Amino acid sequence: MAADSPESLMTLCMDYCLHNLEGTLCYLLDNEALHLHPDIFLPREICDRLVNEYMELVNTSTIEHNESFFNLFSDPRSTRLARIHLQEIIVQDQDLEAIRKQDLVELFLTNCDRLTAKSLQTLVSFSPTLVSLSLFGCTNIFYEEENPGGCDDDFNPTRQVLVKDFTFEGFHRLRFLNLGKMTEGVNVESLLRPLASLAALDLSGIQLLDIVFLTQWKDSLASLVLYNMDLCEEHIQVIAQLHKLRHLDISRDHLSSYYKFKLTRKVLNLFVEKLVNLTSLDISGHTMLENFTVPTMDEKVGKTSINPETSSITPFRNLKRPLQFLGLFETSLCRLLHIPAYKVTGSKNEEQILNAIEAYTEHRPEITSRALNLLFDIARIERCNQLLRALKLVIAALKYHKYDKNIQVTGSAALFYLTNSEYRTQQSIKLRRQVIQVVLNGMEPFQEVTVQRNCCLTLCNFSIPEELEFQYRRVNELLLNILNPTRQDESIQRIAVHLCNALVCQVDNDHKEAVGKMGFVMTMLKLIQKKLVDKTCDQVMEFSWSALWNITDETPDNCEMFLNYSGMKLFLECLKEFPNKQELHRNMLGLLGNVAEVQELRPQLMTSQFISVFSNLLDSEADGIEVSYNACGVLSHIMFDGPEAWAICEPRREEVVDRMWAAIQRWDVNSRRNINYRSFEPILRLIPQGIAPVSQHWATWALYNLVSVYPDKYCPLLMKEGGIILLRDMINMASARSETKEMGRKVIEHCNNYMEENMDTSR
């Protein structure tokens, strides 16, 4: 098993507080707004983590967003912030306004579509201290309402107008700036001109005809990202003047059709010659206008090397040292033998693909989805050699882009193969729980059916219910939503109902009752009703009855729900429509056995129609003895209520009793069973009584069969629950039949033999 280090105390406390804000750090005012307790003072290190981890929990649907959360950090005297990362649509103008008094050093706003020009003014309040700022994907932050506060109707509509007069004037400490995917129409040169000493600039997705203004930072700019900018010769000449550059990214999405620029030997030679400090270069997605690789025969000489002198890419032979990073994803160059870089992105092998996912996940989902697809092929067809790294990268991509269909489809498909039994021993409990979290995100109602199906399949790779118990309520809610009968996707219904069945199979009664209250019983009955209308008995039908059998086990409330929601009507209709479906009959009778164990509900089974059906099923040979055995079990509990509870004229009680005796006599006591008892309590209660000897005999036969065929499992259980004492008392009862007493003696003998064989005789 992979190393499984425990979470730090800080992490555990942070997680608990964020899940229980009202009970720990805060109180609710007027049942609405969160307020910090007046005696709480938190340093930067804790406040930063609280905000950043809160964002992650909200974005993964682990907790619900509280719109007053950021007000907790409005007063720097009690809560101090320095470095925060906010993302997605939950962030609004008022959230930044709430923390405007904080001395922020680092503020990353990613894909915050709901931020408007109001937030630009809030940014000004951070200008004295701000060193790093990202506005990546904040597509509306340069828009303001033309008629703020006016009447917004058909005659006087509010329009969004582009703000053109904002600049970074006064941001004297700002060194790192990301404006990726900024709104078209903003004058970038005017916006940036006041910045005296930029060290890193990201202009991804922005089309600029002239970038000469960048030369004002030629003595300070160390990182420049121009991803998806349509370059030209003038751009290249400007870039070559930025002699301090250590990282240059001119990569592009090769599927975009509007790019005219083609990479040449001359361009790469110029970069190598002029940008002598370069350690990282990304030219992914570019079309090569000419061949600048060494001849194939020359390349194959010697072992693979990162030495620039032996580079297969001729312009890179003039490098002083290997690059730390070289982006070659979706170029032919990645398949060359000698590449002078320690880390390369590409599609040649697993290492390059993982490097690509790692490099592009945060800001380039269109590239990441294609890299994930390549990883999926490796996991499906070959073998993944860097499993833990691959899993962590896929988890990160799915978390970061939970609304991106392509990433969710490819990532969830890759997870299915990366979590199968072949890789299981390499995965820690913590890592597998992280997988489960993102899988559940993929099952949310807003996701595509393909994603939901992939995620349901992935859950099948886990031990159920054990590995899902930490998210038990959520997983059941998601599955019940998927099982809405209005959906027509049969394959996902089949997987989801199988998972539901597994989730309620081996859990305690509290779990079963909780799931019952979520609508589990009604959902299964609706599925059954739909299948009856379609006259179809398939796996969904059989799994639904099996799930009902499991969820009603020793849970009277769920049994009552089954009866209240016309479960018996569906039982009779299924028997009539599918008379030869043996497994279906076994599941239905097992369920009714659970209902019959509840004394308060048994009168509802006491009708001529039901009793006749149960009596006739005593003669069934479907599924071995299972259907006959379960029918006899139902009748045994009904008989246990005595003659006075027999409220029908036909069939007569004596007639049914005779048929029960005859059925039990036919069963082979060595029959292997398709049944699983967690407790013998419902059976044992039929032993110490004389009102229904046939019920006593059925119970004794059941114990004899189980301890004979499965002694290791059922002998200890019987002894633990006091069954031996009850059997001894029964043997001394005058009302017990002789064959029942003899069978009871054999049960005791089996248990004694088991004890002797397993006794520890070592000294």
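Guide: Helices (H or I, at least four residues) and strands (E, at least two) are DSSP runs, numbered from the N terminus. This is a predicted model, in which local features need pLDDT of at least 70, side-chain atom pairs count only at pLDDT 80 or more, and totals for chains, interfaces and linings use all residues. Residues are numbered from 1 along each chain as its sequence is written, and side-chain values use heavy atoms, with hydrogens and water left out.

Visitor: Where is N111 placed among these elements?

Guide: N111 sits in the loop between β4 (106-110) and α4 (118-126), and its phi is near 55°, a positive value in a residue other than glycine.

Visitor: Is N111 buried or exposed?

Guide: Buried means under 20% relative accessible area, exposed over 50%, and partly exposed in between (1.4 Å probe, protein chains only). N111 is buried, because its relative accessible area is 16%.

Visitor: What is the phi of S566, and where is S566 found?

Guide: S566, although not a glycine, has a positive phi of about 65°, and it belongs to the loop between α20 (556-564) and α21 (567-577). Since its relative accessibility is 38%, S566 counts as partly exposed.

Visitor: Which residues does a cis peptide bond join, with omega about 10°?

Guide: That bond joins I464 and P465, and P465 lies in the loop between α14 (449-459) and α15 (472-482). The peptide bond from E650 to P651 is cis as well, with omega near -10°, and P651 is found in the loop between α24 (626-639) and α25 (653-666).
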